[in-house]
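Here's a quick briefing to read with the model open.

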Amino acid sequence: MEKEVLDIEKTVENSSLLKIISIILIIFLSYILIKIIEKAISKSLEIKLPTKFKSAKLNTIIHTIYAFIKFIIIFISAIIILDLLGVNTSSLLATAGIGGIALAFGTQTLVEDVVKGIFLVLDDEINVGDYITVAGVSGNVESVSLRNTVIRDYDGSLYYVPNSQIKVVKNSHRGNQKADIYLYVSYEEKVSDIKRITKEVSKIAKEKIDFKVDPFFVGIDCLGEFSYKVLVSSEVKTGMQWKAQRLLRELFKEKFEENNISTNSRGNYEKI
């Protein structure tokens with residue numbers, strides 16, 4: 001009798017030990033698998049791609065897929081471990097399914113976030129590194145997940161914008177960008193002089209910045225009480241528009257001073 005009891009206890013101990021070892025092994029294998037996938041993703045981002053395929057989009061897609069795969073691995077591992085511990089996972093999954101349906105009715109915004117996040121990536125509306133304006137926020141895209149889009153603005157602040165709030169996207173990272181500036185010139189100054197100075201400024205500016213379209217005199221944009229407003233336009237690659245505008249303003253100020261050009265921005269202006 002005592003021998004049978006000892007055999008049972010030994011069997012229970014062996015069974016418990018086996019479960020503990022199995023659980024540790026599952027956790028270890030899950031961790032290794034996640035790390036392998038993470039390393040594979042890092043390697044894939046180092047691959048040189050054709051110029052027509054945007055690396056920023058690949059980065060966004062891969063990280064979204066990685067987050068999904070990681071969740072699946074952890075979820076399956078948790079189910080297996082619970083099963084080893086004697087938890088009825090079938091009923092648990094059934095309960096979770098029913099609860100999920102009930103939860104879905106109360107979390108429509110979350111579902112909308114996820115759906116919108118998928119289409120933002122697939123439709124190539126937003127990529128990591130783009131300068132965008134969405135939901136009243138402007139800045140560079142740090143990341144795009146299924147839940148939200150993270151944007152860093154000019155002063156370094158981070159904004160977490162739920163994808164469901166992104167209705168209209170202004171993406172300043174598509175093609176060349178305008179670098180327009182306005183000049184306020186007194187009526188006593190000749191338009192021909194402003195055109196000449198614009199050419200001089202354009203020649204100097206081209207030596208400092210790579211313009212896609214050189215600065216040129218567009219015309220008189222508005223008429224004011226004491227002066228007229230002139231538009232000077234140019235195009236540069238994405239991200240260089242602000243630097244180009246600052247340079248052009250500086251150069252025009254210097255040229256205006258050299259040529260004794262009088263300026264005046266007072267009064268109301270009438271668009272023409």
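In this predicted model, Val230 touches Ile181, Tyr182, Leu183, Val185, Ile194, Phe217, Gly219, Ile220 and Asp221, leaving aside residues up to four places away in sequence. Val230 sits in strand 9, and its relative accessible area is 0%, so it counts as buried.

**Around Val230**
- Leu183 is one of the residues Val230 touches, even though the two are 47 residues apart along the chain.
- The C-alpha atoms of that pair are separated by 5.0 Å.
- Ile194, another residue on Val230's contact list, also takes part in the helix 5 contact with helix 6.

**The largest nonpolar core**
- Val230 belongs to the largest nonpolar core, which has 22 residues.
- Which members touch the most other members of this core? They are Leu183, Val185, Ile194, Phe211, Val230, Phe252 and Phe256.
- At least two core residues come from each of strand 7 (181-186), helix 5, strand 8 (211-223), strand 9 (227-236) and helix 6.
- Helix 6 gives the largest share, with six residues.
- There's another core apart from this one, made of eleven residues, and Ile132, Val134, Val141 and Val161 are among them.
- As a bit of background, nonpolar side chains in soluble globular proteins tend to be buried together.

**Helix 5 against helix 6**
- Helix 5 covers residues 191-206 and helix 6 covers residues 241-258.
- The two pack at an angle of about 130 degrees, and their axes are 10 Å apart.
- That angle makes helix 5 oblique to helix 6.
- Their crossing is right-handed.
- On the helix 5 side, the contact is made by Ile194, Ile197, Thr198, Glu200, Val201, Ile204 and Ala205.
- Helix 6 answers with Leu247, Leu248, Leu251, Phe252, Lys255 and Phe256.
- Sorted by class, the contact has ten nonpolar residues, one polar and two charged.
- Ile194, Phe252 and Phe256 turn up in this helix contact, and they're also among the core members that touch the most others.

**The whole chain**
- The protein chain has six helices and ten strands.
- Of its 272 residues, 30% are buried.
- How much of the contact count with a separation of 6 or more comes from residues 24 or more positions apart? The share is 66%.

Terms used
Residues are numbered from 1 along each chain as its sequence is written. This is a predicted model: local features need pLDDT of at least 70, side-chain atom pairs count only at pLDDT 80 or more; totals for chains, interfaces and linings use all residues. Side-chain values use heavy atoms; hydrogens and water are left out. Axes are lines fitted to C-alpha atoms, for helices over the stretch in contact, and angles run from 0 to 180 degrees between N-to-C directions. Helices (H or I, at least four residues) and strands (E, at least two) are DSSP runs, numbered from the N terminus. Angles under 35 degrees count as roughly parallel, over 145 as roughly antiparallel, 65 to 115 as roughly perpendicular and the rest as oblique. A crossing is left-handed if the near helix is turned anticlockwise from the far one by less than a right angle, and right-handed if clockwise. Contact means heavy atoms within 4.5 Å. Ala, Val, Leu, Ile, Met, Phe, Trp, Tyr, Cys and Pro count as nonpolar, Asp, Glu, Lys and Arg as charged, and the others, Gly among them, as polar. A nonpolar core is a set of buried Ala, Val, Leu, Ile, Met, Phe, Trp, Tyr and Cys residues joined through side-chain atoms within 4.5 Å. Buried means under 20% relative accessible area, exposed over 50%, partly exposed in between (1.4 Å probe, protein chains only).
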